[in-house]
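We will walk through it stop by stop.

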Amino acid sequence: MGYELVVIGASKGGMRALQVVLGALPAGFPTPVAVALHREKGSGEGLAALLRKSTPLVVTEPEDKEAIRPGHIYLAPPDYHLLVEGTYFALSIDELVEYARPSVNVLFESAAEACRKGLIGVILTGENQDGARGLVAVKAYGGLAAAQDPTTSEAPSCRRPPSPQFPTRRSCRWR
Amino acid sequence: MQPANKRELESIETQLLLEGVYQRYGYDFRDYAPASLKRRIRLCMQKENLSTVSALLDKLLHDPACMERFLLALSIGVTAMFRDPEFYRAFCATVVPLLRALPFVRIWHAGCASGEEVYSLAILLHEEGLYDKAKIYATDMNEVLLQQAREGIFPLKTMQGYTDNYIRAGGKRSFSEYYTARYENALFRPNLKTNLIWAAHNLVTDASFNEFHVILCRNVMIYFNKALQDRVHHLLYDSLMPQGVLGLGSKESLKFTPYEDRFEELDGREKLYRRIK
């Protein structure tokens with residue numbers, strides 16, 4: 001089945017896993033990827049630049065109403081929520097969701113409604129609750145849901161046994 | 001019911017809600033961007049303790065206080081004094097020199113909400129010696145927020161928390177000079193308010209009301225769909241003097257709008273544009 005979109009969510013502690021996951025995507029990877037990574041308000045170009053080192057795909061921060069295209073990895077800009085609206089991205093500056101903006105829940109929930117079975121949602125472990133509801137939505141709409149095994153997180157505070165509110169078909173170990 | 005079917009039903013109800021609100025109150029949310037609008041509506045439903053969009057429509061039509069809460073929910077995005085400090089730096093670097101040459105300066109801040117960013121601009125103009133020849137017209141569709149903005153009273157603790165933004169934005173003095181503390185509140189000094197004109201204006205339904213040297217409309221149009229964005233760009237373009245400056249939010253753009261070719265970039269990162277045609 002052809003997937004329309006991959007969404008990845010990570011809070012603090014998920015950066016290394018994100019670099020590994022993005023690094024595993026080949027140059028011709030056919031599905032667009034959108035990432036909501038918890039990041040500081042003022043964080044500038046540095047993050048995108050860092051991720052570019054891990055992948056041949058094009059890493060950008062989308063603008064409002066930008067079309068979602070294959071060959072791209074879209075990184076939610078700091079202090080905005082990133083949403084999926086049909087075949088475009090949309091932004092908002094609404095309140096924090098689970099103390100986060102960009103929020104993983106916001107990206108995943110909007111992507112689930114837009115892409116339904118055509119969505120792959122991946123949660124990379126971090127410190128925060130943000131993403132649990134999003135992953136539920138991915139599954140509810142028929143998409144494929146996956147989560148990093150939390151015992152492999154790079155942030156010590158995030159290493160813990162897998163928790164019940166991440167209802168996934170598979171829990172992956174990332175190297 | 002399957003989530004997909006539930007959502008289809010919700011879509012029908014939402015259309016009816018938006019139509020109902022427009023007909024009853026005159027606020028037109030029918031061309032707002034659907035994803036963020038849905039989230040805000042659902043949040044509203046939660047706060048009002050309702051389980052369907054239709055129930056919310058019922059309450060909105062019959063309870064004006066509920067409508068006021070709904071309007072507030074659709075009005076606010078995050079704001080702060082000197083939010084996006086780099087924007088103010090860029091404004092200083094690229095726009096202020098243009099304004100120095102003018103005998104007087106008219107600025108429109110469209111979608112000012114509770115006013116923090118208007119006061120920020122006022123402070124910037126003050127420090128650049130431009131305030132006395134400037135008038136800032138600050139507008140918003142929400143009259144409750146406008147009144148708050150007009151009063152210029154903010155929680156003291158919050159205000160003190162903005163000092164860092166002020167410094168990063170290039171503030172040359174001491175931020176606390178601009179307000180007086182009274183109990184738990186910070187009140188902006190009267191001399192900062194004299195050239196601010198607050199008025200209700202709805203970007204969706206109202207027409208142009210003046211011509212301006214500078215128009216700021218930042219992170220407002222992200223809540224509009226593409227068709228509405230294009231119409232509002234028309235309104236803003238019509239309200240901008242030739243050689244006037246338009247400022248958008250950092251992740252907004254003139255690209256793919258009907259007026260893209262009529263502007264040149266003053267700052268591509270902070271989205272400051274000058275009208276050249």
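Select Met1(B) to begin: in this predicted model, Met1(B) sits in the segment that precedes α1 (3–25) of chain B. Its relative accessible area is 72%, so Met1(B) is exposed. Together with Met1(B) they make up a nonpolar surface patch of about 440 Å² accessible area.

Next, pick Arg7(B), which lies in helix α1 of chain B. Arg7(B) makes a salt bridge with Glu113(A), with 3.5 Å between the closest N and O atoms. Because Glu113(A) belongs to helix α3 (residues 104–115) of chain A, this pair joins two chains. Glu113(A) is buried at 15% relative accessible area, while Arg7(B) is partly exposed at 24%.

For another link of this kind, select Glu63(A) and Lys255(B), a salt bridge whose closest N and O atoms are 4.0 Å apart. Glu63(A) is in the loop between β3 (58–60) and β4 (72–75) of chain A, and Lys255(B) is in the loop between β8 (240–247) and β9 (263–267) of chain B, so here too the pair joins two chains. Glu63(A) counts as buried at 15% relative accessibility; Lys255(B) is partly exposed at 46%.

Stay with chain A and show residues 81–85, strand β5(A), alongside residues 88–92, strand β6(A); the two pair in the antiparallel sense over five bridges. Leu83(A) stands opposite Ala90(A) in β6(A). The strands form a hairpin with two residues between them, and Gly86(A) in the turn has a positive phi of about 60 degrees. Is β6(A) mostly covered or mostly open? Mostly covered: four of its five residues are buried.

Now for the rings. The structure holds 25 aromatic pairs over all chains. Select Tyr119(B) and Trp198(B): their ring centres are 5.6 Å apart and the planes meet at 40 degrees, so the pair is tilted. Tyr119(B) is in helix α6 (residues 116–127) and Trp198(B) in strand β6 (residues 196–200) of chain B, so the pair ties together parts that are 79 residues apart in sequence. Tyr119(B) is buried at 0% relative accessibility, and Trp198(B) is buried at 11%.

Then bring up the aromatic cluster of chain B, whose members include Phe82(B), Phe91(B), Tyr166(B) and Tyr179(B).

For the last stop, look at arginines over rings. Arg24(B) lies over the face of Tyr25(B), 4.9 Å from the ring centre, and Arg40(B) lies over the face of Tyr223(B), 3.9 Å from the ring centre.

Notes
Residues numbered from 1 in each chain as written. Chains lettered and ligands numbered in written order. Predicted model: local features only at pLDDT ≥ 70, side-chain atom pairs only at ≥ 80, totals over all residues. Heavy atoms only, no water. Patch = residues over 30% accessible without salt bridge, like charges linked within 9 Å, V, L, I, M, F, W, Y side chains within 5 Å. Areas by Shrake-Rupley, 256 points an atom, 1.4 Å probe, with all protein chains shown as cover. Salt bridge = Lys/Arg side-chain N within 4 Å of Asp/Glu carboxyl O. Buried < 20%, exposed > 50% of the residue type's maximum accessible area, 1.4 Å probe, protein only. Phe/Tyr/Trp six-rings, centres within 6.5 Å; stacked < 30°, edge-to-face > 60°. Lys NZ or Arg CZ within 6 Å of the ring centre and 35° of its normal. Pairing = 2+ DSSP bridges.
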